[in-house]
Structures are given as structure tokens and as C-alpha cells.
Amino acid sequence: MKNKTLTLFIILLLTTIAISKTIHISSDYIEPSEKTIIYQGNILLKIPDDKLLLTSNDMVINKINNKWIDLNVDGKVHIEFENGIMEGIEMKYNIESQKGTIKNASVTINDSQSSETIFISCETLEFDLKNNTFSGKSEKEKVSITKGSIIAKAFEFWYDRNEGKISLSNNVDLKDEKKKLKLLGDSVSINTKDNSMKGKNVKVEIVVE
């Protein structure tokens with residue numbers, strides 16, 4: 001119980017002064033030093049201002065330029081943010097900029113331009129929660145994006161939630177069951193509002209019933 005109380009006090013004090021943001025953290029174990037705070041076991045981190053909740057078992061926060069903003073998670077991590085959920089391993093996150101990376105990522109996010117939910121999985125994900133952008137790439141298995149009747153795969157992608165645009169590149173393989181078409185191409189962009197598409201160097205297969 002003492003460890004949890006100490007954790008909460010240190011983070012509240014330093015982060016409030018440094019970046020005007022209140023952070024609540026509880027964990028089974030804490031090991032603070034001048035520039036690093038180590039957390040282990042049943043970690044729960046909340047940032048109400050950013051509507052962010054994180055759970056994990058191994059986390060380190062480092063002080064950069066006198067600010068406690070460099071957050072690193074080893075092992076599995078679960079993040080709940082406004083409009084979505086992320087899971088994966090080995091996350092790096094800047095508390096101030098709200099930008100980060102996560103490996104073996106899976107994302108579930110409510111699209112801003114439609115009523116559909118978008119599901120994303122990729123080997124390495126880069127995200128900017130302040131600007132609602134997500135991008136990623138994979139070397140072995142392709143990035144997979146599912147939205148309603150659309151299942152798209154490629155080695156690289158970019159998703160701008162605010163603009164309602166998904167861009168896929170590098171060996172795109174897309175299927176749309178509703179439109180009864182299959183598409184292969186170098187790059188494809190999708191407007192999430194109406195699922196309209198544009199592509200380059202594309203081959204299309206249409207199913208006529």
C-alpha cells in the first residue's frame with residue numbers, strides 16, 4: 001500500500017509542474033531515482049486530460065529536459081484512448097506530444113466519418129493521439145485493415161481519423177464484399193465516409209452474379 005501511495009504522489013507532483021497535466025499511477029512496486037521511475041506489477045496509469053488509460057506489468061518513465069514525459073513499456077500493454085483501444089508490446093510514448101510507437105499492434109477505433117468501426121493490425125504502429133493519425137508497416141505479414149465489408153492488406157498504411165482517409169501502399173490486396181470486387185495495386189486510398197476508392201497501378205476483379 002505504501003508503494004502505491006508513493007507512486008501516485010511522485011507522479012502527481014512532478015508532472016503537474018512540468019507539463020500542466022495530472023497523471024495518476026498505481027503499481028505493486030516502484031523504484032524512483034533522479035531521472036527514472038520504474039514500475040512493476042499491476043500498473044494502472046490514467047491521464048484524465050488526454051482521456052487515456054494504460055495497463056501493463058512493466059513500465060519506466062524517464063525525465064527528459066526536466067520533464068517526466070518519456071514512457072516505455074516492456075511486454076504487453078493495453079491502452080484505452082478517446083474513440084479507441086490499442087494493444088501490443090514494447091510501447092514508447094511521449095506524454096507531452098502524445099506520440100508513440102507500439103509493436104505487434106492491434107487497434108480498434110470508431111471512425112469519425114461513418115458509423116463503422118475500423119480494426120487495424122500491424123507489426124509496427126506509429127500513432128499521434130493529439131492529431132488522431134495512425135500509420136504503420138510490416139515486413140513479414142501485411143498490415144490488415146477491416147472496415148465494414150472492406151478487408152484491405154498492404155505492407156504500409158496511413159489513417160487520418162479526422163479527415164476520414166485511409167491510404168495503403170506497397171502491394172495492396174483489397175476485397176469489398178458489398179461491391180463484389182477484388183483489387184490489387186501499388187497504392188489505394190479510401191474515403192471512410194462513403195468507402196469510395198482511388199488507386200494506382202491497379203488490377204480489379206469484379207464478381208457478377
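Predicted model: local features only at pLDDT ≥ 70, side-chain atom pairs only at ≥ 80, totals over all residues.

Analyst: Buried here means under 20% relative accessible area, exposed over 50%, and partly exposed in between (1.4 Å probe, protein chains only). Residues are numbered from 1 along each chain as its sequence is written, and side-chain values use heavy atoms, with hydrogens and water left out. The protein chain averages a pLDDT of 90, and 89% of the residues score at least 70.

Across the whole structure there are five salt bridges, each a side-chain nitrogen of Lys or Arg within 4 Å of a carboxyl oxygen of Asp or Glu. One of them joins Lys 21 to Asp 50, at 2.9 Å from N to O. Because Lys 21 lies in the loop between helix 1 and strand 1, and Asp 50 in the loop between strand 3 and strand 4, this pair ties together parts 29 residues apart in sequence; helices (H or I, at least four residues) and strands (E, at least two) are DSSP runs, numbered from the N terminus. Lys 21 is buried, at 9% relative accessible area, and Asp 50 is buried too, at 16%.

Lys 51 pairs with Glu 82, their closest N and O atoms being 3.4 Å apart. Lys 51 belongs to the loop between strand 3 and strand 4, and Glu 82 to the loop between strand 5 and strand 6, 31 residues apart. Glu 82 is partly exposed, at 43%.

In a further salt bridge, Glu 116 and Lys 147 bring their closest N and O atoms to 2.5 Å. Glu 116 is partly exposed, at 27%, whereas Lys 147 is buried, at 3%.

Methods
pLDDT = per-residue confidence, 0-100.
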